[in-house]
Amino acid sequence: MAEISRLPGPVMDLWEWQFDGACRDADQDLFFHPEGERGSARRRRAEAAKAICATCPVLNECREQSLAVREPYGVWGGLSEDERAAILAERGRAVTVRRTTA
């Protein structure tokens, strides 16, 4: 589940970027894998979602939001669940290294 406490408040200026998302008119099922989907089917679906993300004018905002709230499911900002987890793990390692060298 997304970490709701990390979401910004309900101020329109903080969320308005979502209206410009390339995914707004796309089939949302493309961005979230169905139960039990594996292998090449999952990879093809995710790549199709990422192709939409690649054309999106708010890709960076979406990506950073999904990382900030630790979005656990789907393709967000052109990143899969595993890709977001890897980025967050790397960020965590970087913070740990900075703390131990400071």
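Reply: Start at Ala49, which touches Leu30, Phe31 and Val75, leaving out residues up to four places away in sequence. Contact here means heavy atoms within 4.5 Å. The model is predicted: local features need pLDDT of at least 70, side-chain atom pairs count only at pLDDT 80 or more, and totals for chains, interfaces and linings use all residues. Residues are numbered from 1 along each chain as its sequence is written, and side-chain values use heavy atoms, with hydrogens and water left out.

Ala49 sits in helix H2. Helices are DSSP runs of H or I with at least four residues, numbered from the N terminus. H2 covers 39-54.

Is Ala49 buried or exposed? Ala49 is buried, because its relative accessible area is 0%. Buried means under 20% relative accessible area, exposed means over 50%, and partly exposed lies in between, with a 1.4 Å probe and protein chains only. Ala49 and Cys23 are 26 residues apart in sequence, yet their C-alpha atoms are 8.4 Å apart in space.

Now widen the view to the core. Ala49 belongs to the largest nonpolar core, which has 11 residues in all. A nonpolar core is a set of buried Ala, Val, Leu, Ile, Met, Phe, Trp, Tyr and Cys residues joined through side-chain atoms within 4.5 Å. Its members are Trp17, Ala26, Phe31, Ala46, Ala49, Cys53, Cys56, Val58, Leu59, Cys62 and Val75. H2 and H3 are the elements that give two or more residues to this core. H2 gives the most, three residues. In soluble globular proteins, nonpolar side chains tend to be buried together.

Trp17 is another core member. Trp17 touches Val58, Glu61, Cys62 and Gln65, again leaving out residues up to four places away in sequence. In H3, the buried residues are Leu59, Cys62, Gln65, Ser66 and Leu67. After H3 comes Arg70, with a positive phi near 55 degrees.

Next, the open space. The largest pocket holds about 400 Å³. A pocket is found on a 1 Å grid over the protein atoms alone: it is an open set of points where a 1.4 Å probe fits, with protein on both sides within 12 Å along at least five of seven lines, and lining residues have an atom within 4 Å of a point. Its volume is the space filled by probe spheres set on the points, which are joined across faces, edges and corners. The largest pocket is lined by 25 residues, and Trp17, Gln18, Cys23, Cys62 and Trp76 lie nearest its centre. Helix H2 (39-54) and helix H3 (59-68) each give two or more residues to that lining. H3 has the largest share, four residues. By class, the lining has 16 nonpolar, seven polar and two charged residues. Ala, Val, Leu, Ile, Met, Phe, Trp, Tyr, Cys and Pro count as nonpolar, Asp, Glu, Lys and Arg as charged, and the others, Gly among them, as polar.

The second largest pocket holds about 210 Å³. Of its 13 lining residues, Arg42, Arg45, Ala46, Ser80 and Asp82 are the closest to its centre. H2 and helix H4 (81-101) each give two or more residues to this lining. H2 gives the most, six residues. Here the lining has three nonpolar, three polar and seven charged residues.

Finish in H4, the place of Leu88. Leu88 is buried, because its relative accessible area is 19%. Leu88 touches Leu67 and Arg70, not counting residues up to four places away in sequence.
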